Amino acid sequence: MSYKIVVDSCGELTEEMKKSSVFETASLSMEVDGTVIVDDETFNQADFLKRVAASPQCPKSSCPSPKDYMERYHCDAERVYAVTLSAELSGSYNSAELGKKLYAEEYGEKDIYVFNSRSASIGETLIAMKIQECEELNMSFGEVIDTVEEYIAGQHTYFVLETLDTLRKNGRLTGIKAVVASALNIKPVMGAKPEGVICQLGQARGMKKALAKMADHIVEDAENPQEKILAISHCNCPQRAKEVQEMLVSRMKVKSSFIVDTAGISTMYASDGGIIVVI
């Protein structure tokens with residue numbers, strides 16, 4: 001059976017995924033000083049970071065509309081899957097679900113399922129890859145859903161950023177009470193709870209020590225890493241991402257690993273120099 005996987009643009013597609021007709025992106029958008037920037041193939045990371053650095057205002061984001069999702073569901077594929085940012089962090093999941101209802105009203109019933117990633121960035125990428133793997137194994141629609149939901153429940157997300165300002169000002173750090181002393185160069189090690197909200201795992205002085213502490217958490221939490229893909233996304237710091245990858249694969253055996261640069265929404269929240277790891 002034919003299928004299609006719609007990933008909101010917080011999920012970075014690998015070059016191989018971009019070349020495949022299976023994957024499609026539902027673009028979010030960002031606003032900086034009144035200028036709207038669409039998170040699609042036209043996104044220019046260097047220009048965006050320059051705009052954010054020069055702006056006194058915090059950038060904001062908007063999710064795809066329900067109509068955007070409905071239009072992507074309207075295709076020749078017999079089964080359609082959507083993968084969105086954590087429902088706790090964005091309205092993208094709700095838009096995708098409403099788009100499914102609009103589709104049913106407009107065109108009738110179809111096998112459409114929306115996955116709440118409970119993650120972001122390459123967490124969504126890995127989920128989309130898992131859906132493709134299940135489809136290629138000729139699983140039924142229900143089997144794909146069950147297998148991927150189980151995969152999501154076992155997925156772990158970690159990140160260390162140079163600054164948490166954008167996350168904090170946009171209300172994405174609700175419930176985190178720790179005050180980070182930026183003057184002392186304290187970098188928090190962050191993660192995601194099972195329900196998809198952000199939590200603080202620890203902190204260290206300086207980026208290098210914070211990344212090492214993050215690696216400790218990843219290795220300690222990993223269950224059967226040899227069966228999993230290690231994914232890393234970075235915002236304008238490829239060497240740092242490579243060092244994190246080497247640090248991790250030297251300490252645990254994984255099925256495979258890859259590195260991607262952050263797309264628009266992930267760039268906005270990760271900020272210049274941020275590192276995100278999902279396994």
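At what angle do the axes of helix α3 (residues 66-73) and helix α4 (residues 92-107) cross, and within what distance do they come? In this predicted model, the two axes cross at roughly 55° and come within 7 Å.

**Helix α3 against helix α4**

- The crossing angle of roughly 55° makes α3 oblique to α4.
- The crossing in which α3 passes α4 is right-handed.
- On the α3 side the contact is made by P66, K67, Y69, M70 and Y73.
- These residues meet S92, S95, A96, L98, G99, K100, L102, Y103, E106 and Y107 of α4.
- Sorted by class, the residues of this contact are nine nonpolar, three polar and three charged.

**Helix α5 against helix α6**

- Helix α5 (residues 122-136) packs on helix α6 (residues 141-153) at an angle of about 145°, and their axes are 10 Å apart.
- Here too the handedness is defined: α5 passes α6 in a right-handed crossing.
- From α5, the residues L126, I127, K130, I131, C134 and E135 take part in the contact.
- From α6, the contributors are V144, T147, V148, Y151 and I152.
- The contact of α5 with α6 comprises eight nonpolar residues, one polar residue and two charged residues.

**Aromatic pairs**

- There are six aromatic pairs in the structure.
- One of them joins F43 and F48 in a tilted arrangement, with 5.5 Å from centre to centre and 55° between the planes.
- Both F43 and F48 are buried.
- Another pair, Y81 with F115, is stacked, at 6.2 Å centre to centre and 25° between the planes.
- Y81 belongs to strand β6 (residues 79-84) and F115 to strand β7 (residues 111-116), so this pair ties together parts that are 34 residues apart in sequence.
- Y81 and F115 are both buried.
- One aromatic cluster takes in Y81, Y113, F115 and F141.

- T84 is a residue of strand β6.
- With a relative accessible area of 0%, T84 is buried.
- Apart from neighbours within four places in sequence, the contacts of T84 are D8, Y69, S92, Y93, A96, V114, F115, N116, S117 and E124.
- Among these contacts of T84 are Y69, S92 and A96, which also take part in the contact of α3 with α4.
- F115, another contact of T84, is the residue that stacks with Y81.
- G196 sits in the loop between β9 (186-192) and β10 (198-205).
- The relative accessibility of G196 is 2%, so G196 counts as buried.
- Setting aside residues up to four places away in sequence, G196 touches S86, E88, L89 and R118.
- G196 and A120 are 76 residues apart along the chain, and their C-alpha atoms are separated by 9.0 Å.

- D33 is not a glycine, yet its phi is positive, at about 50°.
- The loop between β3 (29-32) and β4 (35-38) holds D33.
- N236, also a residue other than glycine, has a positive phi near 60°.
- N236 is placed in the loop between β11 (229-234) and α9 (238-249).
- The relative accessible area of N236 is 43%, which means that N236 is partly exposed.

Technical notes:
Residues numbered from 1 in each chain as written. Predicted model: local features only at pLDDT ≥ 70, side-chain atom pairs only at ≥ 80, totals over all residues. Heavy atoms only, no water. Axes fitted to C-alpha atoms, helices over the stretch in contact; angles between N-to-C directions. Helix = DSSP H or I, 4+ residues; strand = E, 2+ residues; numbered from the N terminus. Left-handed = near helix turned anticlockwise from the far one by under 90°. Contact = heavy atoms within 4.5 Å. Nonpolar A, V, L, I, M, F, W, Y, C, P; charged D, E, K, R; others polar. Phe/Tyr/Trp six-rings, centres within 6.5 Å; stacked < 30°, edge-to-face > 60°. Buried < 20%, exposed > 50% of the residue type's maximum accessible area, 1.4 Å probe, protein only. Parallel < 35°, antiparallel > 145°, perpendicular 65-115°, else oblique.
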